[in-house]
Amino acid sequence: MTKYIGKSVKRVEDKRFITGKGKYTDDIVLPNMTYAYIVRSPYAHAKIEGIDTSQAASAEGVIAIFTGKDISDAKINGVPCGWQVDFKNGDTMHEPPHPLLVSDKARHVGDAIAVIIAESRYAARDAADRLEIEYKVLDAVVSPKEAADPDSPRIHDNLPNNLAFDWSLGNPIEEVDAAIEKADHVTTLEFVNQRMVPNAIEPRSAIGEYDETNDRYTLYTSSQNPHLIRLLMCAFVLGIPEHKVRVVSPDVGGGFGSKIFHYIEEALVVWCSKQIGRPVKWTAERSESFVTDAHGRDHVTKADMAFDATGKITALRVKTFAGMGAYLSTFAPAVPTYLHGTLLQGLYTTPLINVDVTATFTNTVAVDAYRGAGRPEATYLLERLIETAAIEMGVDPAELRLKNFIPPFDGVEQPGYQTQVALQYDSGNYEAVLKKAMEMVGYDDLRAKQKESNGKLLGIGISTYIEACGIAPSAVVGALGARAGLYEVAQVRVQPTGKVNVYTGAHSHGQGHETTFAQVVADKLGIALDDVEIVHGDSDAVAFGMGTYGSRSLAVGGSAIVRSIDKILEKGKKIAAHSLEARPEDLSFADGKWTVKGSDKSVSFGDVALTAYVPHNYPSDLEPGMDFNSFYDPTNFTYPFGAHIAVVEVDKDTGKVDLKRFVAVDDVGNVINPMIVDGQIHGGVVQGIGQALFEGAIYDDQGQLMNGSYMDYCMPRADDVPMIETDRTTTPCPHNPLGVKGAGEAGTIGSTAAVVNAVVDALKQFGVRDLQMPLTSQTVWQAMQKSNS
């Protein structure tokens, strides 16, 4: 019997994608459908003095125009935030409303002012040019740190300032300050972890449809999280009974976190559909995505790392200003706090840590989870500090890390590692991943080669990381501010012929769920991979699940599937025992059949499935059928970790950085499909390289996004990236049934710091100790010139 777990099975979903048969929200055309165009503010901060819709309303093909006044008159609420982080003094988090259409003032470029619905998207777009809006432009603030200044422009008039919340974690600041004061060496860095634009390959799209006959609503949306969208839209925005709403999320062309959240357009098209009695579709234009999709990162940080005379870390102090944008997006408050601050232990035994975060509103697009979500920011902070400290102290950066690593532990024989910042790591061997990466890259030979000169500057950069995935249990995250549970659901339905349908609350937007989940099911039940169908993304078909983000799908969603399979096997054993005239405890299950131990008497899974639905010779105490549902709420996060090494050459004359090699050794626990994991690592690494060398949203002082198109926003291309060399160690997670940890974000978390460290390593002869990302040729060249002058 074929075993599937651990095999590089080709993705079954790829056939429809590479042959153009994928079905995305924008591909859906409903009868009598209309098209929405949203008129957005061209200003970052401006009062709306008046709106004249008369000329636009008379344009050809226009069906209706709605403004913020219409939304307000209909008593439609704003889009809520899904995570609450209160102030350190106990005051409640500032949570200003995020209306579907603003009526008082625009708070960022792209804020929605009005929606025009027409017979075609072109008619709606043309009519927008005839809509007259009178603005009074106000001063703007775009820096998270400057926004904290009491004298900065006030973004929300009903708030006393621009603070969303402040938060701290770790050891008492007095103890950390004292340790830093008496340290033998202190490394200090001030840097910006720049704002990123997610740039999924398919722009967001939403279709609202109201069925008056049955009083039912349907929302088709390109979302990573269809059930949560339904809950937020029904319970908090539109006030529609949840059982009257179906949310369908078909194929989603990439998300990287940006399609987790409930956006105003989703609720807007549903509401508009009822107003006009016809389906309404909205699809973002690419330039529109730049100013509406939630951005990532945007931290301004000062950090101090203290060492004793032997090179052991003695304390870490972090102060971060985190930009929230103009409004609080769904999970935004969690990112700089519980996804960033709680990871500042890193892989190190640092005995004293204090992190302090001030989150501020700015006249920019909302910020939320972007691939890695807080973990890349934490890793960048730690790895830049320890790399810089190694340069300052004249020691090898690999040796400094090895000296400070947490010793190996498996979470079973050795207990999990309790950090200074709330988390308890599950299992890890951090020395192993770094040593393997050093061996793969030929670290000692590269250091020797670095002393030779071929006209270019050679740099070697290391980054080690740990991340928290599968965030749970629900009771814990609820205490931390989550306004939802973080379990997952799975229904496994065995058909009479032994074929299997799996309904999962996780939702794929590129992760390969239809393959990986099927591998787990086929392996556990001893059936063919083709006998398993994975269903997801439809709230009418699947019980309430929590979607896909935070590398949770396999660790949480896969574990829910395993729980349902266990129930099937338990029931199947009883049916098999009745058929074989044996006791259930005398049976073993392997290769798709139950066998009486010590004999050749057996019955196949398919025969047992048929018996369950044709229960003629059947246990009297069992119900017919074989269909089980399970909710899985993990007992802890999972903690993947790894070591990445980048090798660069820098041209001394132009500052151009050439990435020559990239080695990634990751430990994601047990691996179901190595090929899919490698693909996830590759994609994540490239996104991390993009932040290091190319990407970053640039706002001017008036809140205008200066690089809001692909003409100006630079992303890595194929010829910018070498073949990524991957390998793994395996430290199983001790608390979930698959022993998996998560792989979707690992590449992004580890790679950025590795590349920046490599460039700084190449430039250390110029006295360069730090550079602000992205490390463009101009940035690097100017750093060398500054040294020469």
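Helix H16 (residues 553-580) packs against H17 with the axes 10 Å apart and an angle of about 85 degrees. Because angles of 65 to 115 degrees count as roughly perpendicular (under 35 is roughly parallel, over 145 roughly antiparallel, and the rest oblique), H16 is roughly perpendicular to H17. Ile-568, Gly-572, Ile-575 and Ala-576 of H16 make the contact with Phe-605, Val-608, Thr-611 and Ala-612 of H17, where contact means heavy atoms within 4.5 Å. The axes are lines fitted to C-alpha atoms, for helices over the stretch in contact, and the angles run from 0 to 180 degrees between N-to-C directions. Helices (H or I, at least four residues) and strands (E, at least two) are DSSP runs numbered from the N terminus.

A word on the model itself: it is predicted, so local features need pLDDT of at least 70 and side-chain atom pairs count only at pLDDT 80 or more, while totals for chains, interfaces and linings use all residues. Residues are numbered from 1 along each chain as its sequence is written, and side-chain values use heavy atoms, with hydrogens and water left out.

Helix H17 spans residues 605-613 and includes Leu-610. Together with Tyr-613 and Val-614, Leu-610 makes a nonpolar surface patch of about 230 Å². Patch residues have over 30% relative accessible area and no salt bridge, with nonpolar side chains (Val, Leu, Ile, Met, Phe, Trp, Tyr) joined within 5 Å and like charges within 9 Å. A salt bridge here is a side-chain nitrogen of Lys or Arg within 4 Å of a carboxyl oxygen of Asp or Glu. Areas come from the Shrake-Rupley method with a 1.4 Å probe, and for residues only the protein chains shown count as cover.

Leu-610 counts as partly exposed because its relative accessibility is 42%; buried means under 20%, exposed over 50%, and partly exposed in between.

Most peptide bonds are trans, and most residues other than glycine have a negative phi. Here the bond from Ala-472 to Pro-473 is cis, with omega near 0 degrees, and Pro-473 sits in the loop between strand S18 (456-466) and helix H14 (474-479). Another cis bond joins Met-773 and Pro-774, with omega about -5 degrees; Pro-774 lies between helix H19 (746-763) and helix H20 (777-788), in the loop.

Asn-32 has a positive phi of about 65 degrees, in the loop between helix H1 (14-18) and strand S1 (34-40). For Phe-256, phi is also positive, at about 55 degrees.

Terms used:
Buried < 20%, exposed > 50% of the residue type's maximum accessible area, 1.4 Å probe, protein only.
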